[in-house]
Amino acid sequence: MSQGGLIGVDVEQERVEEKDPELLAENKEQEFVGRTPWRLAWLRLRKDKVAMVSLGFIVFLVLVAIFAPLLTALIGHGPNAQYTTKGLSLSGIPVGPGQNGFILGTDDQGRDVLSRIIYGSQISLEVGIGATALALAVGTLIGLVAGYYGGWIDSILGRFMDILLSFPILLFAIAIVARFGPSLELLIIVIAMFSWPYIGRLVRGQVIGLREREFVEAARALGASDLRIMVFDIAPNLIALAVIYATLLIPVNIVLEATLSFLGLGIQPPTASWGNMIAEAQTGDLYTVAWWFLVFPCIALVLTTLAFNLFGDGLRDALDPRRGRGHLGTVQKVKRAARAFAFPSEVIRAARSSVFRSERERETP
Amino acid sequence: MTATELDLEAATSEGDLLLEVEDVTKYFPVRTNALIERSHASVKAVDGVSLALRVGETLGVVGESGCGKSTLARLIAALHPVTSGKIRFKGQEITKLDRRHMRPLRRSIQMVFQDPYGSLNPRRRVGSILSDPFTVHTQMSRAEVREQVRDLMARVGLSSEHYNRFPAEFSGGQRQRIGIARALALRPDLIICDEPVSALDVSIQAQIINLLEDLQDEFMLTYIFIAHDLSVVRHVSDRIAVMYLGKIVETGPVEEIYSRARHPYTASLLSAVPVADRAFKGERKTRVILSGDVPSPQNPPSGCRFHPRCPKAQAICATEEPLLEQKAGDPAGHLTACHFPVEEGEPLAMASREAVVATAPIDGAQEQP
Amino acid sequence: MIRLVARRLVYLVLVLIVITFLTYVVFFVGNPNDLAARFAGRDAGPAQIRDAAVRLGLNHGFWYQYWHYLVGLLHGSFGLDFQNQVPINSEIARAFPVTASLVVGSVVIWLLIGIPIGIMSATHPRTLRDRAGTTFALTFLSMPTFVLGVLFLLVFYYYLTRAGLSWFPAAGYVGITTSPGQWFLHLILPWLTLALVQAAIYTRLIRGSLLDVLGEDYIRTARAKGLSRRTVIYKHGVRAALTPVVTQLGIDVGTLLAGAFVTERVFGLPGLGQLALNAIGAADLPVVAAVVVLAASFIVIMNTIVDIVYALLDPRVRLA
Ligand SMILES: Nc1ncnc2c1ncn2[C@@H]1O[C@H](COP(=O)(O)OP(=O)(O)OP(=O)(O)O)[C@@H](O)[C@H]1O
Ligand code: SF4
Ligand SMILES: [Mg+2]
């Protein structure tokens, strides 16, 4: 793995698995049977408490987003309804958490903060997952083609990705959104547009390794076409990498959405998004006396980022047993997971420095 | 007379010529950066190899790691384009064929790979891996393919329960059986076995070799059998070719090579064969240990490429390249590339390294930057 | 060395052409008359719009305008802005010191925090100290910058001020030449906001690379030769471990110099980021293009510097 060496996924893991004592113990009766790559990963993942708790949180969040209308109906407060009498004190101060039936209080316009956070989760997940899926599709495709064919195709596609990576991303995203007017679809497209090169570079690096593997040679010896080899022989080996990076790119994209919304260029009020809730709170001064309508959206955002990062890291360990194996206590797991916190930036950094690393390598004999 | 002609003339077994390799070279450019950088140096992985093969024959190819055995195999299987030279299969030249015309030939030339772990896609089920040959080359229905794959698995000694398993669920020997099944699927004429057993336990090696021999009898297969030591190929081969740094240095019928090796390199390889294997022959008791590393194929020694390590080297060896030719007293078909071939019963002690360097001033061995 | 710089220059030119082109495309898709209409004023008639178009140079075709812009760049001029027709160079000259103050200060802070904690974590792995370092990283890495900034303002400005401790001033900026003290005070919170998130990342980076380095053979050899643990860690280990940090630093500084948008917005600092955000809001194409150009140049230039430093730090790497 030359690309993103910080976070390599090993495709040759099967060999290692044979010696994993933990797993051998699990399958005492039949030493080899039932050890499909995915089952093994799941076995490992299940033991990782931190990752499982994070997964639980993510599932919870997804359910909340899906059943948002139902939940807010239960609460009895719509996300955009302004409760000017019940939700604001006489002097116009928002109602605090737990008062007047507002579980997390109200904001400066008397709206239920909890309902808005629930609806905000829809936006975060839609943009986070949508943009990631799009980036993944484009990045995998281009990385696959560049890595597989090499030569001038790789040079051109590689340079193209390099240039995109030396872009002032945020600035450019802002410019595009400002020009075309903010909308959910545009937000997804713009975010995907700037995150696919990260995936592209990582996939490319992986494919360059896979291309030289004997099973690809075996397929060529059979007379399989390039397309067939890419689809049936190389792509299946990219799934693990794709799953890991997708999980870790989602929080990056969620933060990007929140940031754009915070800057007023993402989701427009009154539609609730965590980013614009924070921005709206900060425009007035009321939050200085009613902290909750600023702080709760912050907490929602941070917890979500955290959960995806922790889960992504657990997944990475599960799919790539070579990184830190053996019996770890929960404390150690937490600690190791914390390492992954550097992740969102880690991916970006890995990809970015590889832009120049490729050139540096050329310079050194 | 060229080496090929000699070789062909000498091929002992009757039967039609299946494969002719004529003065083939393969140079890998060292810097492969397209667009801007042009390659300067190159690795001469295979450098002027000629050989011929008749139907039903087994040719053993031996040599140290890195001498170009796998590269030669890949050239014959048309996985790499040749740098120069010709390869003819059943009289048809295959070196210049484009993809489309190459396709039917792929059915006839198959390969079993060195690494039973690396040659099976870890993310695909065995059934799917083995159905590849049929889906690529035939129009069979799914059910037919399934049927064929099950047959094939039975043929190489795998149970059909294994159909839905991943390669990781098999032992090394079983995996190599899968690799053999894949090569066998389309009933090829030639199978190139690239060190098919060197990654396996000794106890399993024999099983795989026996399987290969059974299959050869059953399907009239022709083999090129690659190995890095002589003891393995001995049992399966009719003829042997010994490679050193991209060149064939000695070739001949298997018993000729074992009993009367003429090239000092072959002799030293033989002396490294475990005693039990060699004892009944009652020859060469001194073991010759080669000093120094294998020189880089990027910058091979001048003259005879073996001279920096050769116990018999003299001044001429560093300047003049010996031809691969029949030496006095040898039967037809036994060719050696050496100025001073080993005589029968001659002790082959390692000359001191200083002496070698003194007589052979041009030493390319250590010049790697 | 010269070859490296030359190659980077070519690359920079390529990047600049691509991104300025894209910037122009983004702004010109649709009708360029929109742009003219925006700057002609709210109830402008067709004649005034035409005047505005001529004034802004929008009456020429796309290619002509783009070419004109490139030629201007070649002469070191970013042109006039659309809104007030003032030279963009002078606007940038005003905004750049703000961004530079922000970035330089926070770089110092994040290195001062990140490097020692990283070294401590790596030299005492799996101890309480390591865990403390990890907790620090964990806390700040999970915070988007704007969340941290907003919370800082809430706690350190509003709550403290209300509690009678006016240690920190409100958002805003005071030039260093005007009042160094005020300059410093106004920047403390922005510095910390930017620095804490970055420091957390650097902590992990240094910890990881130092652990790698300390595991390497030559370090073990040095220990075996009887050098003290301190000497080995600081003379050999840290030196080698700093290489990836330098790489990272170059990228970060390059990226941030072009505008720390979020931090500048939260704390109302009139830096390049704010300039760009305002320009984007006003569809002021030349200003946006100018900041884009600066940003890409900083990124590429910083990376070139990094490569040179890299060669100095690590004698094994020889630049062609
Ligand atoms: N694709 C390639 N690109 C560049 N060099 C190569 C390539 N394939 C092989 N080589 C080089 O060619 C030489 C011969 O390699 P080859 O794999 O043929 O050796 P081998 O005899 O099969 O060795 P082994 O016993 O280790 O398998 C080696 O020096 C190798 O580094
Ligand atoms: S030619 Fe000379 S160096 Fe080469 S093998 Fe023969 S004796 Fe040795
Ligand atoms: Mg080989």
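Predicted model: local features only at pLDDT ≥ 70, side-chain atom pairs only at ≥ 80, totals over all residues.
**Stop 1: chain A**

Start by selecting chain A and colouring by secondary structure. You will find 16 helices and zero strands. Chain A has 365 residues, and 62% of them count as buried. Its exposed surface comes to about 13,100 Å², with carbon and sulfur atoms supplying 67% of that area. Take the contacts in chain A between residues at least 6 apart in sequence: 73% of them join residues at least 24 apart.

Now zoom in on A:Pro269 and A:Pro270. The peptide bond from A:Pro269 to A:Pro270 is cis, with omega near 10°. Most peptide bonds are trans. To place this spot, look for the loop between helix H12 (239–262) and helix H13 (274–283) of chain A, where A:Pro270 is found.

**Stop 2: the largest nonpolar core**

Keep chain A in view and bring in chain C. Which members of the largest nonpolar core touch the most others? Select A:Ile174, A:Ile234, A:Ile278 and C:Phe146, which hold that place in a core of 187 residues. Next, highlight helix H8 (residues 180–214) of chain C, the element that gives the most to this core, with 17 residues. Domain 1 (2–74) and domain 2 (91–319) of chain C each supply at least three residues to this core.

For a close-up, centre on A:Ile174 and show its surroundings. Beyond its neighbours within four places in sequence, A:Ile174 is in contact with A:Leu260, A:Leu263 and A:Leu265 from chain A, and with C:Phe261, C:Leu277 and C:Ile280 from chain C.

**Stop 3**

Colour residues 2–74 of chain C as domain 1 and residues 91–319 as domain 2. The contact between them takes 18 residues from domain 1 and 19 residues from domain 2. Together the two domains of chain C bury about 1,500 Å² between them, and 79% of it is on carbon and sulfur atoms. How many salt bridges are there between domain 1 and domain 2 of chain C? The count is zero.

**Stop 4: chain B and its domains**

Move on to chain B, which has 13 helices and 12 strands. Of its 369 residues, 56% count as buried. Chain B exposes about 15,600 Å², and carbon and sulfur atoms supply 51% of it.

Select B:Arg107, B:Pro188 and B:Leu211 here: they supply 35% of the area that domain 1 of chain B buries against domain 2, more than any other three residues. One salt bridge is found across this interface.

**Stop 5: charged pairs in chain B**

Side chains of opposite charge can pair when their charged atoms come close. Over all chains, the count comes to 24 salt bridges. Show B:Glu64 and B:Arg309, whose side chains meet in a salt bridge (3.1 Å, N to O). B:Glu64 lies in the loop between strand S3 (58–62) and H2, and B:Arg309 in the loop between helix H11 (275–279) and helix H12 (315–319), so the pair ties together parts of chain B that are 245 residues apart in sequence. Is B:Arg309 buried or exposed? At 4% relative accessibility, B:Arg309 counts as buried.

Then pick B:Glu195 and B:Lys69, a salt bridge with its closest N and O atoms 3.7 Å apart. B:Glu195 sits in the loop between strand S7 (190–194) and helix H7 (202–219), while B:Lys69 is in helix H2, 126 residues apart. Both B:Glu195 and B:Lys69 are buried.

For a contrast in setting, select B:Lys96 and B:Glu93, which also form a salt bridge (3.7 Å, N to O). B:Lys96 counts as exposed at 68% relative accessibility, and B:Glu93 as partly exposed at 26%.

**Stop 6: two backbone spots**

Most residues other than glycine have a negative phi. Select B:Asp23 in strand S1 (residues 17–29) of chain B; its phi is positive, about 50°. Finish at B:Ala78, in the loop between helix H2 (69–76) and strand S4 (84–89) of chain B, where phi is near 55°. B:Ala78 is buried, with a relative accessible area of 19%.

Conventions: Residues numbered from 1 in each chain as written. Chains lettered and ligands numbered in written order. Heavy atoms only, no water. Core = buried A, V, L, I, M, F, W, Y, C linked by side-chain atoms within 4.5 Å. Buried < 20%, exposed > 50% of the residue type's maximum accessible area, 1.4 Å probe, protein only. Helix = DSSP H or I, 4+ residues; strand = E, 2+ residues; numbered from the N terminus. Domains from an automatic or database assignment. Contact = heavy atoms within 4.5 Å. Areas by Shrake-Rupley, 256 points an atom, 1.4 Å probe, with all protein chains shown as cover. Buried area = accessible area lost by both parts, 1.4 Å probe. Salt bridge = Lys/Arg side-chain N within 4 Å of Asp/Glu carboxyl O.
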